[in-house]
Amino acid sequence: MTAIKESSVIQANKQQAYQHCPVTYVMEKIGGYWKPIILFQLLSGPKRYGELRRAVSAITEKVLIQQLKQLETDGLVNRKAEPVVPPHVTYSLTKSGRALRDVLWAMANWAATDSKESGKIFRKNMKDFPG
């Protein structure tokens, strides 16, 4: 990754927003396209890397690995690696990650209610996740 210039105007503005807006804090942790999707998949319980890869099939391996590392660094996801060949890696939500359940569930519920095209499919798929 490239280094972030600490003294840039953009960074100063982000820091200002980060200090005054709680939504900015949340977006720093789970913002972006893939993180909420990964977290939502982990709501149903721990998953091995391959299970996550299949559950979020549109994501590339590189991006999935990057996002999982960021979520682990931010304390939202646990990575448990077993010292066997082939590697056995399991991902699960931390206590902090599980605390996002209501937020993620509200997002999914809103999508199921708001989407005219996919609402029925969303509601059907949500039955697999704890509400």
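Why is helix 3 largely enclosed by the rest of the structure? Seven of the eight residues of this helix are buried, so helix 3 is largely enclosed. Buried denotes under 20% relative accessible area, exposed over 50%, and partly exposed the range in between (1.4 Å probe, protein chains only). The buried residues of helix 3 are Lys35, Pro36, Ile38, Leu39, Phe40, Gln41 and Leu42.

The structure is a predicted model, in which local features need pLDDT of at least 70 and side-chain atom pairs count only at pLDDT 80 or more, whereas totals for chains, interfaces and linings use all residues. Residues are numbered from 1 along each chain as its sequence is written, and side-chain values use heavy atoms, with hydrogens and water left out.

The protein chain contains eight helices and three strands, arranged along the sequence in the pattern α-α-α-β-α-α-β-β-α-α-α. Helices (H or I, at least four residues) and strands (E, at least two) are DSSP runs numbered from the N terminus. Along the principal axes, the C-alpha atoms of the chain fill a box of roughly 45 × 45 × 25 Å. Of the 131 residues, 29% count as buried. The chain exposes about 9,300 Å², of which carbon and sulfur atoms supply 57%; accessible areas come from the Shrake-Rupley method with a 1.4 Å probe, and for residues only the protein chains shown count as cover. Among contacts with a separation of 6 or more, 47% are accounted for by residues 24 or more positions apart, a contact being heavy atoms within 4.5 Å.

The UniProt record, an unreviewed entry, places the feature "domain: HTH hxlR-type" at residues 21–119. UniProt positions are given in the numbering used here, feature names are shortened, and annotations may be inferred rather than shown by experiment. In the model, this span is 57% helix and 14% strand, and its end C-alpha atoms lie 31 Å apart.

The largest nonpolar core has 24 residues, of which Ile38, Leu39, Phe40, Leu42, Val77 and Tyr91 touch the most other members. Such a core is a set of buried Ala, Val, Leu, Ile, Met, Phe, Trp, Tyr and Cys residues joined through side-chain atoms within 4.5 Å. Two or more residues of this core come from each of helix 3 (35–42), helix 5 (61–73), strand 3 (88–93) and helix 7 (101–114). With residues up to four places away in sequence not counted, Leu39 touches Ile30, Leu71, Leu76, Val77, Leu93, Leu100 and Leu104. Leu42, also located in helix 3, is buried at 2% relative accessibility. Apart from neighbours within four places in sequence, Leu42 is in contact with Lys47, Leu52, Val77, Tyr91 and Leu93. The C-alpha atoms of Leu42 and Arg123 are 18 Å apart in space, and these residues are 81 apart in sequence.

Ile59 occupies the loop between helix 4 (49–55) and helix 5 and is buried, with a relative accessible area of 2%. Leaving aside neighbours within four places in sequence, Ile59 is in contact with Trp34, Ile38, Arg53 and Leu64. Ile59 and Ile38 are separated by 21 residues in sequence and by 10.0 Å between C-alpha atoms.

Three salt bridges are found in the whole structure, a salt bridge being a side-chain nitrogen of Lys or Arg within 4 Å of a carboxyl oxygen of Asp or Glu. Asp74 pairs with Lys29, the closest N and O atoms being 3.8 Å apart. Asp74 lies in the loop between helix 5 and strand 2 (77–82) and Lys29 in helix 2, so this pair ties together parts that are 45 residues apart in sequence. Asp74 is partly exposed at 25% relative accessibility. In the salt bridge between Lys80 and Glu82, the closest N and O atoms are 3.5 Å apart; Lys80 is exposed, with a relative accessible area of 52%, and Glu82 is partly exposed at 33%. The side chains of Asp102 and Arg101 also meet in a salt bridge, at 3.3 Å from N to O, and Arg101 is partly exposed, with a relative accessible area of 29%.

On the surface, Val23, Tyr25, Val26 and Met27 form a nonpolar patch with about 360 Å² of accessible area together. Patches are made of residues with over 30% relative accessible area and no salt bridge, with like charges joined within 9 Å and nonpolar side chains (Val, Leu, Ile, Met, Phe, Trp, Tyr) within 5 Å. Val23 belongs to helix 2 (residues 22–30) and is exposed, with a relative accessible area of 52%.
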